[in-house]
Structures are given as C-alpha cells and as structure tokens.
Amino acid sequence: MAVQREWLDRDFYADLGVASDASAADIKKAYRKLAAQLHPDRNPGDTAAEDRFKKVSEANSVLSDAEKRKEYDEARALMASGRFRGGSGGGFGGGGGGYTTTGGFDIGDLGDLFGGGASAGGMGDIFGGLFGGGSGGRTQGYTPQAQRPRRGNDLETETTLAFRDAIAGNTVSLKVTSPSPCTSCHGSGAKAGTSPRTCTNCNGSGFLNRNQGHFGFSEPDPECQGTGTRIDEPCTECQGTGVQIRPRTINVRIPKGVEDGQRIRLTGQGEAGRRGAPSGDLYVTVHITPDPLFSRSGNDLKVTMPVSFGELVLGTTAKVPTLDGSVSIKIPPHTADGRTLRLKGRGVPKRSGGAGDLLVTVKCAVPPKLDDAALDALKSYAEAEKASGFDPRADWGR
C-alpha cells in the first residue's frame, strides 16, 4: 500500500483532535462525534463545515486503517528526523534544489530506520508511496508512476432492523449525503460535451524527469498536478473536481441471519473519487431491536415456554412457536423445570446452507388462583408426595 505524498502535508491527528498515540477506539469515537457535528445535512450551505467534514473523513480513512496509519506515522517520523530533506523547495517534491542527503547519510541506509534495508523492501514501499510507486533503494533513473486521481474515501452509516427481519433478510433504503459523481460531467471534471486531454508537457505520465548527480528523479508535473491530463473547460457544476455533495438513496440487501453490530460492505458506494477515480466503499452497521419472544445464540434461536407442573411430571405434547409458525414438541415425563429441549433446523439460516436449532426452555407456571376442588386435590397430592419420602431440598445447601 503506497503512502500518498499529500499525507505528509496534513496532521490527521490534529484534524480529529486526538493524540498521536490514540487508540483505535479513541479515533473512532472522535471521528463519529465530529462527523455528526459537521455533516452537510446539519450544516446546509456552510462551506467551512463542508471542508472540515472532508478533512475529518480523510483523516479517519487513514488513521482507522492499521496499515495506512503505520505507513503514515513512519513517513512523518522520517520527515521530522531531518535525515532526509528536499533542497530549496523543501520536503519531498520541492522545486529547485531537488532531493539531497545531509551529514554523509547514504540513501540506501534509509531502510534501517524501519528495521530493514531498502533492498529488503521496507524502505522501498515507503519511497514507492512518497514518489508515486515502484521500488526504492539505489536505483538510477527511477521513474514513478503518475499521481492519478485518488480513490474516494470509505463512508460509514447505520441502520436498524427488527429481530425477525434480520433473521429472514430484508432490503432497506438508506439516504446518504456525501461526495458523489457529478451528475453533469459524470465525474470527469470536464464541461459537458468535452473531455480531459492528455497533458502534452509530460506526455500523460504526470511526472517530469531530471537528474541529480548519479541519480535520476521524477517529480509531479506542475501543469497537470501529476494527473497526466488537462481540463480546458472545467465543469461549472463541480468546478472541475468531478464531485458534488448531494443526497442519494441506496437500496441495501441485508442478508439472512445478520447479527447485531455486523458491518456490511457495499463496494463503490462510498465517497466519489475526484475526476473519475474509483469511489470508496460504504460500510453499513446493522443494529437489531430485541424480539419479545425469541433471543439468539449464534445460529440457534432460544425461547422460553411456560408449562404446568402436571405437564412436567406426566409429560405432554405441546405447540411451540417458530419463525415459520407453530410446531409440536414432546415433553417427556418427569422433565425438570428449566430443562432445554432442542428442535433441529428451526433456528437462524446459515450461509453454508441449513439452519441452526430452536432451543426450548420449559418453565413451570404457577397458577395465580385455584378453586376449592383444585386446592383439595393439591393438598392430597402434597400429603402423598411427603408420604412417598420425596424431599425437594434433600441435597440442597450441603
């Protein structure tokens, strides 16, 4: 994964208001708070809030990804160390003086800063990102790929489903307000009826090559800003970016058996990339409301069924509800209160086929009131039970 060179000009930690050693949970919490405050739906017409929202979203897309964050931190640490700097332009990609080393430092030693030599690929990945791609180390005539428009950021949203809809699967409509492809230029950035043309200054490569001592370097073409294309007539609707912030409705198919807190990835439904670059992804977190009857344990459903004392002792066949209607279950004689019986294949559908089980826990229900005949019968039973020697607390408390 390449480090985007424009990352070095941004302090993503400051954008989110967190420390550089913040945990992933702290970063997520800070992003959600700021995104809620700055979202365009809450700040219509506020361009400052819109720009801040974009910065916060980009910062989160880097810092919430462990691999991107690692590369970002390593690149910034390298820049802060002062061991590698630009010439008169300053930093990577500076104009005029180009890329120089100081204090007798050899560019091949840069890999040691990250636990391995450049030839081992450690520094090659970092410099491949900083200069646009390719390998690092002591390579003469090194020419990176053009800095094409970047993929859009990933987005996050949430939806809530009823318990049974989550088990059965459902299609929900989500309204999302985010950077989307411009409806006028279809994301190209060029005025309707025109198209971007190949930059003649760099012949479409996006970079200009030059030599510095024994090394050949490439730097982004300032005329096309490293994109390799030029737009003569920018789209007036999006000012040539190819992106508009607008509301859109997305129909999301929720798969059968989705669990509470599960994230569903919708490829290409995230923030639009600039000037025709691919869109990011949309992650939908599903929340599920509890059901008054059923609960869930993995792929198994659980239900508690009230029964009488007589049914537990004598045994019976009773009707138990399932997601597909009622079915019969046999309660064996002398079933203990709280015992769980299993109905196979009556649970949550599995992705691999089939379904989990329905776990039925029997619970003895005590009648709130008995008539005289029932009370007399119960007293007779209690006397007979005592005479038989049965003691429910015989082994209790020992």
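Tutor: Helices (H or I, at least four residues) and strands (E, at least two) are DSSP runs, numbered from the N terminus. This is a predicted model, where local features need pLDDT of at least 70 and side-chain atom pairs count only at pLDDT 80 or more, while totals for chains, interfaces and linings use all residues. Residues are numbered from 1 along each chain as its sequence is written, and side-chain values use heavy atoms, with hydrogens and water left out.

Student: Okay, how many helices and strands are there in the protein?
Tutor: The protein has eight helices and 17 strands.

Student: And how much of it is buried?
Tutor: Buried residues are 37% of the 398 residues. Buried means under 20% relative accessible area, exposed means over 50%, and partly exposed is in between (1.4 Å probe, protein chains only).

Student: Which helix holds Ala 168?
Tutor: Ala 168 sits in helix H6, residues 163-168. With a relative accessible area of 44%, Ala 168 is partly exposed.

Student: What about Asn 170, where is that?
Tutor: Asn 170 is in strand E4, which covers residues 170-181. Asn 170 has a relative accessible area of 25%, so it is partly exposed. Between the C-alpha atoms of Asn 170 and Ile 254 there are 5.1 Å in space, against 84 residues in sequence.

Student: Which residues is Asn 170 in contact with?
Tutor: Leaving aside neighbours within four places in sequence, Asn 170 is in contact with Leu 161, Asp 165, Val 252, Arg 253 and Ile 254. Contact means heavy atoms within 4.5 Å.

Student: What does Ser 180 touch?
Tutor: Not counting residues up to four places away in sequence, Ser 180 touches Gly 242, Val 243, Gln 244, Arg 246, Arg 248 and Ala 272.

Student: Gln 244 is on that list. Which strand is Gln 244 in?
Tutor: Gln 244 belongs to strand E9, residues 243-254. Gln 244 is buried, as its relative accessible area is 16%. A polar atom of the Gln 244 side chain lies 3.2 Å from the backbone nitrogen of Thr 183. Beyond four places away in sequence, Gln 244 touches residues including Ser 178, Cys 182, Glu 237 and Cys 238.

Student: New topic! What is phi of Gln 239?
Tutor: Phi of Gln 239 is near 55°, which is a positive value in a residue other than glycine. Gln 239 is in the loop between strand E8 (229-230) and E9, and its relative accessible area of 61% makes it exposed.

Student: And what about phi of Asn 203?
Tutor: Asn 203 isn't a glycine either, and its phi is positive, near 55°. Asn 203 is in the loop between strand E5 (197-198) and strand E6 (207-212). At a relative accessible area of 66%, Asn 203 is exposed.

Student: Let's do helices. At roughly what angle do H2 and H3 cross?
Tutor: The axes of H2 (residues 24-38) and H3 (residues 47-63) cross at roughly 160° and come within 10 Å. Axes are lines fitted to C-alpha atoms, for helices over the stretch in contact, and angles run from 0 to 180 degrees between N-to-C directions.

Student: So are H2 and H3 parallel or antiparallel?
Tutor: H2 and H3 are roughly antiparallel to each other. Angles under 35 degrees count as roughly parallel, over 145 as roughly antiparallel, 65 to 115 as roughly perpendicular and the rest as oblique.

Student: Which residues meet there?
Tutor: Among them, Ile 27, Tyr 31 and Leu 34 in H2, and Phe 53, Val 56 and Leu 63 in H3.

Note on methods: A polar contact is a pair of N or O atoms within 3.5 Å; within protein, one must be able to donate a hydrogen and the other to accept it, and residues adjacent in sequence count only if both atoms are side-chain atoms.
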